[in-house]
Amino acid sequence: MNHTPLFIVTGLSGAGKTITSKVLRRIATNFYVFDMDILVEKHDYQKASCQWLTIARYNTISQKPTVLLGAVPNPYNLEICKDY
C-alpha cells in the first residue's frame, strides 16, 4: 500500500475551517481537501469520521496527500473505523 500524508485539521465551530478549506483547494493543487460539513448527517460525527478515513484511504491510490477539516463537538474514536 502507498503511504501518503493525511492531515486532519479540527477546530470549534466558527474557527475558520470552511474558509481555510476553500483557500487550500485553490492554492494546494497537489492535495485533496475536504470539509467534514459535507459528510455529516444528523450530527453523526463518528460516522463522518469513519467516512473521512475511507476517503483518505482511496486517495492514496492517486498518491496525493489529503487534508480533512472538521469541527470537534466530541472526540472521535478513529480506532473503531475499518480504515484506521
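This is a short tour of a predicted model, going from its sheet to its helices and then to its disulfide. Residues are numbered from 1 along each chain as its sequence is written, and side-chain values use heavy atoms, with hydrogens and water left out. In this predicted model, local features need pLDDT of at least 70 and side-chain atom pairs count only at pLDDT 80 or more, while totals for chains, interfaces and linings use all residues.

**The sheet**

Select the three strands, which form an open parallel sheet in the order β1-β3-β2. Strands (E, at least two residues) and helices (H or I, at least four) are DSSP runs numbered from the N terminus, and two strands pair if DSSP finds at least two bridges between them. β1 (6-11) and β2 (32-35) are at the edges with a single partner strand each, so one side of each has no neighbour in the sheet.

Next, show β3 (residues 66-71), which four bridges join to β2. Pick Y32: its bridge partner in β3 is T66.

**The helices**

Select α1 (residues 17-27), which lies across β1, β2 and β3 and runs at about 160° to β2. Such angles run from 0 to 180 degrees between N-to-C directions, with axes fitted to C-alpha atoms, for helices over the stretch in contact; contact means heavy atoms within 4.5 Å.

**The disulfide**

Now select C50 and C81, joined by a disulfide with S to S 2.1 Å (the rule is a pair of cysteine sulfur atoms within 2.5 Å). C50 is in helix α2 and C81 in the segment after β3, 31 residues apart. The torsion about the S-S bond is about -75°, so this disulfide is left-handed.
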